[in-house]
Amino acid sequence: MLLVPCPNCGPRNASDLVYKGESHTRPDPNLVTEAEWRSYLYLEDNPAGWLRETWYCRSGCRRYFVLERDTTTNEFRNPPVPGAKIGGKA
Amino acid sequence: MAKSAGLTAAREKVGRRSADSSKPPRYSAAGLLSRGARKTTWPRVWRDVPLQKTYDVVIIGGGVHGLATAYYLATNHGITNVAVVDKSYLGSGGSGRNTAIVRSNYLTPEGVAFYDRSLDLYNSMSLDLNINVMFSERGHMTLAHTDSALRTMNWRAEVNKLQDINSSVIGPEDVKKLAPSLDTSSDPRYPILGALYHPPGGTIRHDAVVWGYARGADHRGVEMHQKTEVLDILVEGGDGPDGKGPGGKVTGVRTSRGDISAPIVVNCTAGWATLISDMAGVKLPISTRPLQAAVTEPVKVFLPTVVVSGSLHVYVSQTDRGELVFGASVDPFNTYQVRGSLDFTEELAGHVLELMPGISRMRLLRQWAGLCDMTPDYSPVMGFTPVEGFLCDVGWGTYGFKAGPVSGEQMAECVATQQTPKLIEPFRLERFSTGKLVGEKGAAAVGH
Ligand SMILES: Cc1cc2nc3c(=O)[nH]c(=O)nc-3n(C[C@H](O)[C@H](O)[C@H](O)COP(=O)(O)OP(=O)(O)OC[C@H]3O[C@@H](n4cnc5c(N)ncnc54)[C@H](O)[C@@H]3O)c2cc1C
Ligand SMILES: [Zn+2]
């Protein structure tokens, strides 16, 4: 289906991971307006193209990480290589 | 006036003229025979006319939702200067790829009322559109394999009964009577504990519904433009870049075949919904996921009802030709690719055999996928947006085929009266900023 490049385990079938969706910066709950908070909760970019997304390596290293994937080709940009430094934080 | 005269001339007769000339002509066995004998080809079912520069309403997306909206605009409200534009062919999206299941046993009172109206419209559709849509009211059964699933079924049954929907919870013995091929013993890993049974549910021929609405709309003067891709939406006076976004007003659309001006633009593009709404500067709570389905070789009819299992992520029905049609839940990540996967087939086969061990030697013929526009609460997004003149009928996820007729009817009313009809009030985009979600997950995640 889709080989997801886990920074720790290397390429794994998507069924070994959990897709957590688009990765956006969480606003500070003490500072945001209600509308901003709800936009953060519900609204999506859903681009046809490059998307920053969070994955959870359920059956492997159990780490969360962020990857960039083209949603029209499912190709990953700069896939992390295991052994190298762990990718962006989620 | 000149236009309607041209209309009649442009349209060849496809069959016997119906008694009621407000409807498109009827197909008949005699017509079929005489055409066969004369070896004539069938004429176009809707006209292919030049694209004009202005319309009263432009509808983006030639699936069941866009076409039904156009049909009801013309039929119920006399608004006929309407163009439906599609980047591909009519029915090329989810409307031509779905597994054609219809039902109204949803979980929320809002959902039940809405989908029930759609079933009413489906019931009279063959007569209204003069085309055989092959509605098969064969009953719909949602299996429960766990106590919590059984609890949700009971909850749904009570919500349904309150609104006069034929829906009840039955035990394993009755499940076995309705569908003897199901394994109702206690042997499987997830034994069948009961089911929510909904006799008015069933299947319908999806392509006939699409063509029926297209033909009916064409008959009333609506234009269908295939291979016409919308590249941009023209908006003035909005808060965002280029005058788009909230506070703005739609003036038209830019297409691959030129600009069209129109005061009202309706987004009916399902899986592509956010790409279109981005063009107007409107953000939606929608992510695009593929949904896959598969079909087996045909065998003698043995499965009389639609069978759904939420716990096993699978549903199955048998077509009149005898093929088993399978579906599951959406693929596990967002993408615009419509490709089948082995993961899907493997999981599907395992789960189906758990339900019906007897079909282990049947072969799959085909598998395919379509794009679904998923919302966080499994309910649609309908009606006005913060951009004046830009309306949405999207968020149809994996369950929008059955909603086609009622959505078309209500969206047409919304456009014609410039007010949100009562039936679709709960589904307005505002609910995501006020937090009033309409949680249908319990009734819509698998059992389309
Ligand atoms: C495998 C599968 C099984 C399903 N099973 C069921 C079921 O059993 N029951 C049920 O109720 N629902 C089911 N669904 C869901 C249902 O098919 C959809 O919700 C429904 O068809 C949506 O209809 P629509 O008219 O809104 O969109 P679509 O039919 O998807 O039409 C959208 C159209 O927009 C066009 N478009 C996109 N971008 C542009 C552009 N830029 N310019 C012009 N045109 C554009 C596309 O070409 C497309 O034709 C299923 C879906 C799938 C994929
Ligand atoms: Zn890992």
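**Chain B: a loop residue, then the ligand site**

Tutor: Start with Ser136(B), which counts as buried because its relative accessibility is 18%, and the cut-off for buried is under 20%. Keep in mind that this is a predicted model. Ser136(B) sits in a loop of chain B, between helix 5 (125-129) and strand 4 (140-144). Now look along the chain from Ser136(B) to Asp320(B). The two are 184 residues apart in sequence, yet their C-alpha atoms are 9.2 Å apart in space.

Helix 5 gives a second case of this kind. Leu127(B) belongs to that helix. In sequence, Leu127(B) and Lys23(B) are 104 residues apart; from C-alpha to C-alpha they are 9.2 Å apart. What does the accessibility of Leu127(B) make it, buried or exposed? It counts as exposed, because its relative accessibility is 64% and the cut-off for exposed is over 50%.

Next, helix 4 of chain B, residues 109-123. Check its length. At 1.5 Å a residue, its 15 residues should span 21 Å, and the end C-alpha atoms are 21 Å apart, so the two values agree. Then check its faces. An α-helix has 3.6 residues a turn, so residues three or four places apart point the same way. With that in mind, read off the buried residues of helix 4: Gly111(B), Val112(B), Phe114(B), Tyr115(B), Ser118(B), Leu119(B), Leu121(B) and Tyr122(B).

Where does it lie in chain B? Domain 1 (57-100 + 207-286 + 380-444) and domain 2 (131-204 + 288-374) both give residues to the shell, so ligand 1 lies between them. The shell counts 39 residues, and those that come nearest are Asp86(B), Gly94(B), Ser95(B), Thr99(B) and Lys402(B). Sort the shell by class and you get 17 nonpolar, 17 polar and 5 charged residues. Three elements of chain B each supply at least two shell residues: helix 3 (64-77), strand 13 (287-296) and strand 17 (364-374).

Go down to atom pairs. A polar backbone atom of Val64(B) is 3.1 Å from an oxygen atom of ligand 1. A nitrogen atom of ligand 1 lies 3.0 Å from a backbone N or O atom of Lys87(B). For Ala100(B), a backbone N or O atom lies 3.4 Å from an oxygen atom of ligand 1. How much of the ligand does the protein cover? Taken alone, ligand 1 exposes 1000 Å², and the protein buries 99% of that.

Stay with strand 13, one of the elements that supply the shell. Gln292(B) lies in this strand. It is buried, because its relative accessible area is 1%. One is the backbone nitrogen of Ser341(B), reached at 3.0 Å. The other is the side chain of Gln367(B), joined by a polar contact of 3.1 Å.

Two loop residues of chain B deserve a backbone check. Asp164(B) has phi near 65°, a positive value in a residue other than glycine. The loop that holds Asp164(B) runs between helix 6 (147-162) and strand 5 (168-170). Asp164(B) is exposed, with a relative accessible area of 75%. The other is His313(B), a residue other than glycine with a positive phi near 50°. Find His313(B) in the loop between strand 14 (306-309) and strand 15 (314-318). At a relative accessible area of 35%, His313(B) is partly exposed.

Last, a glance at chain A. It has 1 helix and 6 strands, in the order β-β-β-α-β-β-β along the sequence. The C-alpha trace spans about 40 × 25 × 20 Å along its principal axes. Of its 90 residues, 36% count as buried. Glu53(A) is found in strand 4 (residues 50-56) of chain A, and it is buried because its relative accessible area is 0%. Its side chain makes a polar contact of 3.1 Å with the side chain of Tyr19(A).

Definitions and conventions: Residues are numbered from 1 along each chain as its sequence is written. Chains are lettered from A and ligands numbered from 1 in the order in which they are written. This is a predicted model: local features need pLDDT of at least 70, side-chain atom pairs count only at pLDDT 80 or more; totals for chains, interfaces and linings use all residues. Side-chain values use heavy atoms; hydrogens and water are left out. A residue is near a molecule or strand if one of its heavy atoms lies within 4 Å of it. A polar contact is a pair of N or O atoms within 3.5 Å; within protein, one must be able to donate a hydrogen and the other to accept it, and residues adjacent in sequence count only if both atoms are side-chain atoms. Accessible areas come from the Shrake-Rupley method with a 1.4 Å probe; for residues, only the protein chains shown count as cover. Helices (H or I, at least four residues) and strands (E, at least two) are DSSP runs, numbered from the N terminus. Ala, Val, Leu, Ile, Met, Phe, Trp, Tyr, Cys and Pro count as nonpolar, Asp, Glu, Lys and Arg as charged, and the others, Gly among them, as polar. Domain bounds come from an automatic or database domain assignment. The expected span of a helix is 1.5 Å times one less than its number of residues. Buried means under 20% relative accessible area, exposed over 50%, partly exposed in between (1.4 Å probe, protein chains only).
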